[in-house]
Amino acid sequence: MPVLRVGSIIPSVSAFSVLAVDLDSNTDLFEKNSDKPVLPASTTKIATALVAIDYFPLSKVLKVGNVKVEGQKMRLVPGEEITVKDLLYGLLIYSANDAAEVLADSFEGGREEFVNEMNRKSSKLGLSDTFFNNPVGLDSNGHFTTARDLAKISTVAMKNPFFRDIVSTKEKVVTSIDGRFKHKLVNINELLGEVPGVLGIKTGWTESAKENLVTYVERGDRRVLIVLLGSEDRFGETKMLIDWIFSNFNWEYVAQN
C-alpha cells in the first residue's frame with residue numbers, strides 16, 4: 001500500500017480535474033475535483049474502442065461511407081474497405097474521428113444504437129457520472145464524464161491485451177484491403193517512449209475541454225493510472241505527477257487491525 005512520505009509537498013496543477021490511483025491497492029495518490037463532470041473530448045474513444053472490440057471480429061472488413069467529421073482524421077476514403085483492427089489502430093493511436101464514425105455507423109442499428117451501447121457499457125462498469133451522445137468526443141450538452149469514471153473504464157480497457165497493445169504503439173501504417181490506401185498513424189501521446197513506464201493510454205482536446213490525458217504507468221510491480229482533465233499542459237503536468245508519485249510515496253505493507 002502506498003504511503004506518502006512525511007514532509008512531501010503536494011504539487012499544484014492547472015488541470016481542473018485530476019485523479020491518480022495506485023491500481024493494486026485502489027488508493028488515491030492525488031485528487032482534484034475528480035467527481036465533477038467535465039467534457040471528455042477524445043478520451044471518449046476509450047469507450048468507443050471497448051464497444052467496437054466487444055461487437056466486431058477484429059478481422060471484419062468495413063466499408064467506409066461518406067463520412068463527414070470535424071477535427072482529427074486518418075483520411076479514410078469513401079468506398080475504402082478496411083478491417084476493424086486497423087480502424088481501432090486509427091482510433092486509438094491517431095485519435096481519428098473518421099475511424100470512430102465508421103465503426104459507429106457499421107454497428108447493428110447504426111450510429112445511434114452504437115452510442116446507446118456505449119452508455120450501456122458505462123452503466124455496467126459503474127460509471128455513475130458519465131453519459132455519451134457521440135462516439136468521437138465532440139463537445140455537446142449531455143456528453144460528460146469525470147476523472148474517477150475515466151479511471152474506472154481505463155483500468156478495464158488496459159486489461160484487454162489488444163487494447164493495451166494498440167495504445168502502447170508509437171507509430172503504425174495501416175492499409176485498405178486492396179492496398180490502394182495507406183494511412184500513417186503517429187501516436188499523439190508525447191510521453192510514450194519518453195517517460196519510463198508509460199504504456200498509454202489516451203489523449204483528448206477541444207477548445208472547451210482544454211487538454212485531457214489518461215496515462216498508465218508501470219514501474220517494477222507498481223501500477224499507476226493518472227487522469228488529467230482541463231489542463232493547460234497535459235504532458236508536462238502528467239510527467240510532473242509521475243515524478244512526484246514515484247519520489248514521494250513508499251509502497252509498503254500496512255497491517256490491518
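Which residues line the second largest pocket? The views below come from a predicted model, where local features need pLDDT of at least 70, side-chain atom pairs count only at pLDDT 80 or more, and totals for chains, interfaces and linings use all residues. Residues are numbered from 1 along each chain as its sequence is written, and side-chain values use heavy atoms, without hydrogens and water.

**View 1. The second largest pocket.** Its lining is Leu19, Val21, Leu23, Asn26, Asp28, Arg148, Ala151, Lys152, Thr155, Val156 and Lys159. A pocket is an open set of points on a 1 Å grid over the protein atoms alone, where a 1.4 Å probe fits, with protein on both sides within 12 Å along at least five of seven lines; lining residues have an atom within 4 Å of a point. The space is about 210 Å³. Helix 5 (147–157) and strand 2 (17–22) each supply at least two lining residues. Helix 5 gives the largest share, 5 residues. Helices (H or I, at least four residues) and strands (E, at least two) are DSSP runs, numbered from the N terminus.

**View 2. The largest pocket.** This pocket holds about 290 Å³ of space. Of its 17 lining residues, Ser42, Gly71, Gln72, Asn97 and Trp205 are the closest to its centre. Strand 8 (residues 198–206) provides the largest share of the lining, 4 residues.

**View 3. Helix 1 against helix 4.** Ala47, Thr48, Leu50, Val51, Ala52 and Asp54 in helix 1 meet Phe114, Glu117, Met118 and Lys121 in helix 4. Contact means heavy atoms within 4.5 Å.

How values were computed. Grid points are joined across faces, edges and corners, and a volume is the space filled by probe spheres set on the points.
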